[in-house]
Amino acid sequence: MSIFKIVLRNAFRHRLRTALTILGIATAVMAFGLIRTVVTAWNAGVEASAANRMITRHRVSIIFPVPLTDREQIARVPGVTALSWANWFGGVYGDPNDFKNFWPRFAVDAETYFGLYPEFIIPPDQLEAFRKERSACILGRKVATDHGFKLGDVITLEGDIYPGPWQFVVRGIYTGRDPAVDETQMFFHWDYLYEQVKQREPGRVTEAGFFVMRVERPDDMSLVAAAIDTMFTNSRAPTKTESEREFQQSFVSMSNAIITALKVVSLVIIGIILLVLANTILMAARERTREYAVLKTLGFQARHIAGFIIGESLLIALCGGLLGLALTFPVVRAFGMALRGFFPIIRVEPTTIALALCAALLAGLAAAALPTLRAIRTPIVAGLRMIG
Amino acid sequence: MKIPFSYIWRSLWARRLTTVLTVGGVALVVFVFAGVLMLARGLQATLVETGAPDNVIVLRRSATSELVSQIDRTTASILEAQPEVAPASDGQPLISKELMLVAGLYRKGTNALGNVSIRGVSPRGLELRPGVQITEGRPFQFGTHEVVVASNIARRFKVSRSVRTCRSPATAGRWSVYLRRAAPATIRKSGVTSTS
């Protein structure tokens, strides 16, 4: 008990120094938390992918369509229990330079698509209304609140891949089953896209952008993928079938270099925390060399001395870590608001919190190591003779 | 002036551990700062500064990138007749009608699929890009399945010469790679150029 008291008193003997150290650690922990959150936000799509969904797309690249007629053959592959298809629509809403105005828009098969995505929760009456109306669309809750879209509103998009003005009536708003679900997407009838393109650009054929399948057993995925891809090897559109997870991963891996750089930076930040703290503890322990000599004379053991120094270091690290984490939340929120549309899901994950705290505490332990050794090894006489 | 310096030096030396830790701390902060700036600057350099100031790109209205833009042949012909277009060496308008696509190629080493942009160009495509130099092989011949690949692609991806490298859905054919292209740093060093 008394050790804790001494640790507490010692830690706040030099108020300014301790406060500066805590602030320094807090800033570093906040930076660490923000960077880790950005990395997890990048991976959000991968984390949110279902274990039993697969995607079939054109083998060369996702930008090439696959013939819609392939669906009959894919549906017959053993193991495939449900199938739907969708197209990336693109389009521009308002000022394209504002991140806020970007959200993913997909033309989907109204009957089958949502059956494959149980994580999108749509009120049944809204889904019914959507299915009945060709130009209807379903919006994610976040997009709807960000732009103030209500049921019955008309959204006009300027098409790019499919040119011209496009109008959609909001007939449904979906919410995510859990916080990991992306609530920033927009879905409308694939049939609407097909018919409109036929009218606007006669001669242009609209095919499926990709197929989504549900498989009976996730273990069979490689078999299903092989079966589908072999079927179309010699067709005009060879396919690549992979699990939804791999599919999402392929998007993330395009920015691999940036993610790696961010991870390196986050590691370096831990080093900064360590050095800032080590300096303070070293200073404090050196100042108290004579005190430690006196304590040793009184009969305090090496473990007591170690307790004082390590305890003080951990205490400062913990204070800095907690303050830094407290700052992380508003900073992440502000960052997410500024880059809306870029990161559909950005939130401080529990693992990030744990990592940041662990980093601070580990730095606290490491920072205390050298000063503790020095304090313990200094002979009493040398300690008493020390003049600071 | 000698005294303060030796004084500074001796006090730094007297507290050498503190000095090392402080120097290390500042060094790491500088590293992080410089690293982040480098990242931002690198992205900017790739995305912004690859263009030549006197080249103009025409996209379709509302298209935000080349990938989603399509311009029909009639519009392209109108553009060709515009008086603003500079004449090429032979007096014809210096304009290249291009098509940009993306294809997946396998990386060397990791074998991961990476995106490579493929650009179909008109005969004047290379004339519009004076920064591109052919370092190996020869320019592709129009009307054949030949491509020119950037030196960075040849280095990072599994691209072998004179063998199939990618399949284009438009032709479903084999492409032969005949040469690599290298360019000064201002030209984007990725991308395959092919005949349209």
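**Helix packing, domains and chain contact**

Mentor: In this predicted model, the axes of helix 11 (residues 256-287) of chain A and helix 14 (residues 350-377) of chain A come within 8 Å and cross at roughly 35 degrees.

Trainee: Is the crossing of helix 11 of chain A and helix 14 of chain A left-handed or right-handed?

Mentor: The two axes come within 8 Å, at an angle of roughly 35 degrees. The sense of the crossing between helix 11 of chain A and helix 14 of chain A is right-handed.

Trainee: How many residues of the contact of helix 11 of chain A with helix 14 of chain A are nonpolar?

Mentor: Helix 11 of chain A contributes residues including Ile270(A), Ile273(A), Leu274(A) and Leu277(A). Helix 14 of chain A meets them with residues among which are Ala359(A), Ala360(A), Gly364(A), Leu370(A) and Arg374(A). By class, the contact has 1 polar residue and 1 charged residue, and its nonpolar residues number 17.

Trainee: What distance separates the centres of domain 1 of chain A and domain 2 of chain A?

Mentor: Domain 1 of chain A comprises two segments, 2-44 and 256-385, while domain 2 covers 60-237. Taken over C-alpha atoms, the distance between the two centres is 48 Å.

Trainee: How many residues of domain 2 of chain A are in contact with domain 1 of chain A?

Mentor: On the side of domain 1 of chain A, 8 residues take part in the contact. These divide into 5 nonpolar, 1 polar and 2 charged. From domain 2 of chain A, the number of residues in contact is 10.

Trainee: Why is chain A described as more spread out than a compact globule?

Mentor: Chain A has 15 helices and 10 strands. For its 388 residues the globule rule gives 21 Å, and the radius of gyration is well over that value, so chain A is more spread out than a compact globule. Along its principal axes, the C-alpha trace spans about 95 × 45 × 35 Å.

Trainee: What pattern does chain B follow along the sequence?

Mentor: The secondary structure of chain B comes to 4 helices and 6 strands. Buried residues make up 17% of its 196 residues. Read along the sequence, the pattern is α-α-α-β-β-β-β-α-β-β.

Trainee: Which element gives the most to the side of chain A that touches chain B?

Mentor: The contact joins 31 residues of chain A to 31 residues of chain B. On the chain A side, strand 6 (154-159) and helix 11 each supply at least two residues. By class, that side has 20 nonpolar, 8 polar and 3 charged residues. With 13 residues, the element that gives the most is helix 11 of chain A.

Trainee: Is Phe308(A) buried or exposed?

Mentor: Phe308(A) is found in helix 13 (residues 302-338) of chain A. Leaving aside neighbours within four places in sequence, Phe308(A) is in contact with Ile3(A), Ile6(A), Val7(A) and Asn10(A). A residue is buried if 20 or more other C-beta atoms lie within 10 Å of its own. Because Phe308(A) has 26 C-beta neighbours inside 10 Å, it counts as buried.

Trainee: Which residues does Leu365(A) touch, not counting those up to four places away in sequence?

Mentor: Leu365(A) belongs to helix 14 of chain A and, with 15 C-beta neighbours inside 10 Å, counts as partly exposed. Leu365(A) and Leu277(A) are 88 residues apart in sequence and 9.8 Å apart in space, C-alpha to C-alpha. The residues touched by Leu365(A) are Ile310(A) and Leu314(A).

Trainee: How far apart in space are Arg9(A) and Glu312(A), C-alpha to C-alpha?

Mentor: Arg9(A) lies in helix 1 (residues 2-11) of chain A. With 10 C-beta neighbours inside 10 Å, Arg9(A) counts as exposed. Arg9(A) and Glu312(A) are 303 residues apart in sequence, and their C-alpha to C-alpha distance is 9.2 Å.

Notes. Residues are numbered from 1 along each chain as its sequence is written. Chains are lettered from A and ligands numbered from 1 in the order in which they are written. This is a predicted model: local features need pLDDT of at least 70, side-chain atom pairs count only at pLDDT 80 or more; totals for chains, interfaces and linings use all residues. Domain bounds come from an automatic or database domain assignment. Two residues are in contact if their C-beta atoms, placed from the backbone, lie within 7 Å. Ala, Val, Leu, Ile, Met, Phe, Trp, Tyr, Cys and Pro count as nonpolar, Asp, Glu, Lys and Arg as charged, and the others, Gly among them, as polar. Axes are lines fitted to C-alpha atoms, for helices over the stretch in contact, and angles run from 0 to 180 degrees between N-to-C directions. A crossing is left-handed if the near helix is turned anticlockwise from the far one by less than a right angle, and right-handed if clockwise. The radius of gyration is taken over C-alpha atoms; the globule rule is 2.2 Å times the number of residues to the power 0.38. A residue is buried if 20 or more other C-beta atoms lie within 10 Å of its own, exposed if 12 or fewer, and partly exposed in between; C-beta atoms are placed from the backbone.
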